[in-house]
Amino acid sequence: MKYGEFSKEGKEFIIQRQDTPSPWINYLYNGRYFATISNNGGGISYFRSPLHGRITRYRINDVPPDRPGKYLYLKDRDTGEIWSLTWQPVGKNRDAYRVAHGFGYTRAEAVNEQIHSEVLFFVPPDDDLEVWQTRLKNSSDKVRRLSIYGYVEFALGHALIDLINQCDDQHFNRVVFDRYHQTLWATKTYWVTETGGTQQQENKAWDRWAFFTVNQPVSGFETLRERFMGLYRNENNPVALEQNTLGSKETDYGNTVGALQVDFELAPGETKEIIFSLGVIPKEDRNSAKGLKQATKYHDTDQVTRAFRQLNDQWSAFFAYASVETPDPESNLFMNYWTPYQAKVAFDVGRVTSFYYWGIGRGFGFRDTAQDIIAITISDPGKAAERIRLLARQMQQDGKVYHHFFGDGEGEFTRHCDDALWFILAVDEYLRETGDQSFLQVKEPYLDGGQGSLLDHLMAVVRYAGNNIGRHGLPVFGRGDWNDTLDYIGGDEGGESVWGGMFYVAMLNRLIDILEWTGLQTTHVLQIRDRLVEAIDDYCWDGSWYLRAFGAQNRPVGSHNNEFGKIFMNTQTWPVIANLPDKKRINQAMDSVKNFLDTEEGPKICAPAYREIDPGIGLITRCVRGKKENGAVFNHPTAWLIQAACLLGRGDEAYSYYKKLLPARKDQQRYHAEPYVYSQYITSDEHDHSGKASHSWQTGTAAWMYRVVYDYMLGIRPYYNGLQINPVIPSHWKGFKAIRVFRGTRYEITVSNPDGVQSGIKEIKMDGKKIQGLTIPVTRNNTCQINVLMGANQHLTSNI
């Protein structure tokens with residue numbers, strides 16, 4: 001079943017049927033003020049932190065789902081008919097609605113009772129608020145007497161306290177009405193903060209006032225949920241709307257809400273614009289001209305128009321750094337817009353709030369943050385540098401890092417063996433993009449005292465890697481590597497991660513490249529790298545693929561001798577990425593992925609899925625088969641599979657994996673999640689309900705797919721001394737065009753593939769002149785024309 005489709009230009013996903021299998025959401029934010037919104041108006045709003053700065057409530061896994069949200073009700077005062085400007089919460093006339101998610105905005109249109117409605121939701125780039133711009137047109141032949149109601153349910157401050165201690169927390173809520181400015185003001189008279197994971201009730205108020213305002217005269221308002229909804233009701237049928245009983249009373253306690261009523265008339269054919277705004281200001285600005293100006297700024301239509309244009313310009317500038325035109329329109333759509341869009345949302349928002357996550361139980365993941373950086377270095381290396389420096393401050397002098405962190409000096413150590421090494425990836429990608437060697441001398445403090453340059457931090461990671469070694473010469477598994485659900489391999493002994501060994505090699509290879517580029521000593525790093533390579537070669541080959549781990553008493557995991565979990569994808573792809581020396585083995589391992597893991601839905605993360613609990617392996621064996629890490633089609637590591645296939649010159653194979661995972665190719669009802677962004681996983685054929693995706697948006701898949709397809713399939717990747725060009729594409733592509741902005745120059749690249757090869761370069765020309773090798777040297781030109789001729793008679797260096 002089909003619920004929606006992309007617009008002609010691909011810049012919007014238009015949902016034509018609103019009873020989607022799950023809420024299909026979008027993110028509206030500016031880096032300080034954040035909001036989510038679904039196709040039916042559900043979602044939350046918060047300032048800076050979804051834990052400490054929650055403005056509105058959103059109930060996960062509630063019945064009905066996707067409640068509450070950003071709701072606009074319309075009532076015909078003559079007939080008593082009530083409907084909403086998004087299909088929910090009222091739920092009338094489903095087929096009347098069309099919703100479009102765009103980049104940083106969502107708009108909804110409908111025709112009900114001969115009233116055409118449009119509403120645009122977005123967060124202005126420069127102000128800490130969200131705008132709900134509505135337009136209402138009377139398409140009937142008679143005057144209509146209407147009322148519009150804007151509605152939000154407040155949380156006001158600490159989201160966890162609001163959730164678990166609501167009975168007491170409600171006594172500190174305050175909502176007052178400013179009639180002169182048509183504005184409700186809401187705050188809390190005490191605040192809970194959190195330091196080192198410990199909640200502290202402080203003898204002071206929340207440091208914000210939330211406001212909910214409208215640019216038309218308010219005829220009524222409400223501040224308590226019970227008075228608005230009535231008892232034993234929900235947002236579908238508020239009693240205050242049915243019975244015209246908005247109390248217009250302020251409140252000093254309770255489940256606080258903001259409801260604003262505007263009465264108006266529309267002549268036949270007349271259109272009226274009404275603008276609601278929800279936002280926050282600092283506590284001290286509440287009665288100042290500055291605060292009142294901020295709250296009422298978007299009462300002015302011109303201000304809304306300017307802010308929305310600025311938002312669109314920002315996203316256009318972001319997309320302009322890299323674009324592609326291939327023979328596959330669907331790939332173009334995702335690579336030019338929706339994959340980089342999702343990747344930037346992940347970078348800016350983190351893995352904290354979505355339809356699946358409350359935003360109250362975790363901070364930023366070290367490995368997540370490091371990987372998100374790789375999608376941002378292209379367009380905003382400055383932001384990437386800031387984030388790398390933040391990561392450096394989560395590190396001890398011995399190279400250990402927080403697994404999750406909540407701010408400088410606050411986080412948790414978990415004994416995951418891989419976290420620290422991701423720091424090398426983030427730094428290296430920044431250096432390849434910018435060529436800025438001075439960045440390595442930037443100093444940041446360590447968690448346990450003192451400070452060091454970023455180069456010192458990199459060498460601290462090396463110390464950690466060299467010290468975290470088990471009996472086979474492989475990394476001690478601890479409580480997980482990239483796969484968090486392999487959390488009890490080895491028990492108290494810790495086990496050893498074969499993938500960790502491959503990953504360490506790959507990251508140390510990157511560090512060796514950095515050191516060689518900067519003319520620094522590599523001997524110590526080479527020694528650690530080479531010992532890991534030797535250990536993998538000596539102990540980890542299982543005959544047709546590589547093992548996944550060693551558990552207690554040297555028990556192999558990921559072996560053909562195991563009943564479940566015989567083969568894991570990651571230890572077949574990372575030997576390629578790590579450039580291990582035995583090319584026969586790594587090709588055979590990649591063949592095994594195709595033979596034993598690939599399915600119609602995509603390649604599984606492991607197989608067969610576990611069907612019995614194994615305390616010696618961990619959580620993966622307790623998870624239902626075919627979902628999550630237990631045999632699902634896990635999108636994130638499939639990006640590494642595509643990278644590995646490209647490194648081996650297997651263009652057809654890489655493209656096949658890529659196309660299988662594109663969300664838009666799925667049956668939308670069966671796929672369940674949003675078909676315009678990647679989900680964490682797709683249920684595999686190990687389960688009866690295969691094809692169902694889950695945990696959308698909050699995944700590293702987008703960042704990796706963006707960079708893997710651009711850098712390895714299209715073959716346009718940055719290096720310290722220039723831009724390397726070495727495509728590995730499907731044989732049926734006769735070429736493609738791309739634009740890549742690199743160090744201030746716009747490279748316009750045309751690739752021709754007349755012989756239908758998957759890889760191989762005959763020649764590269766730069767502004768009409770043939771160059772030697774694969775690297776386009778850095779130029780000061782504003783624009784540079786690159787022509788690449790692929791062919792079977794390859795004489796330039798290969799991908800590995």
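Which strands does helix α7 lie across? Select residues 329-349 to find out: helix α7 runs over β1, β2 (13-15) and β9 (97-102), at about 115° to β1. Angles here go from 0 to 180 degrees between N-to-C directions, with axes fitted to C-alpha atoms, for helices over the stretch in contact, and contact means heavy atoms within 4.5 Å. Helices (H or I, at least four residues) and strands (E, at least two) are DSSP runs, numbered from the N terminus.

Before going on, know that this is a predicted model, where local features need pLDDT of at least 70, side-chain atom pairs count only at pLDDT 80 or more, and totals for chains, interfaces and linings use all residues. Residues are numbered from 1 along each chain as its sequence is written, and side-chain values use heavy atoms, leaving out hydrogens and water.

Next, colour the open sheet: 10 antiparallel strands in the order β1-β2-β9-β10-β11-β12-β21-β18-β15-β14. Strands pair if DSSP finds at least two bridges between them. At the edges, β1 (4-6) and β14 (173-178) each have a single partner strand, so one side of each has no neighbour in the sheet.

Now pick β15 (residues 183-188) and β18 (residues 208-214), joined by four bridges; Thr183 has Thr213 as its partner there.

Finally, show Trp422, one of the residues with the most contacts inside the largest nonpolar core, which has 197 residues. Such a core is a set of buried (under 20% relative accessible area, 1.4 Å probe, protein chains only) Ala, Val, Leu, Ile, Met, Phe, Trp, Tyr and Cys residues joined through side-chain atoms within 4.5 Å. Helix α12 (residues 498-518) gives the largest share, 13 residues.

Terms used:
Buried < 20%, exposed > 50% of the residue type's maximum accessible area, 1.4 Å probe, protein only.
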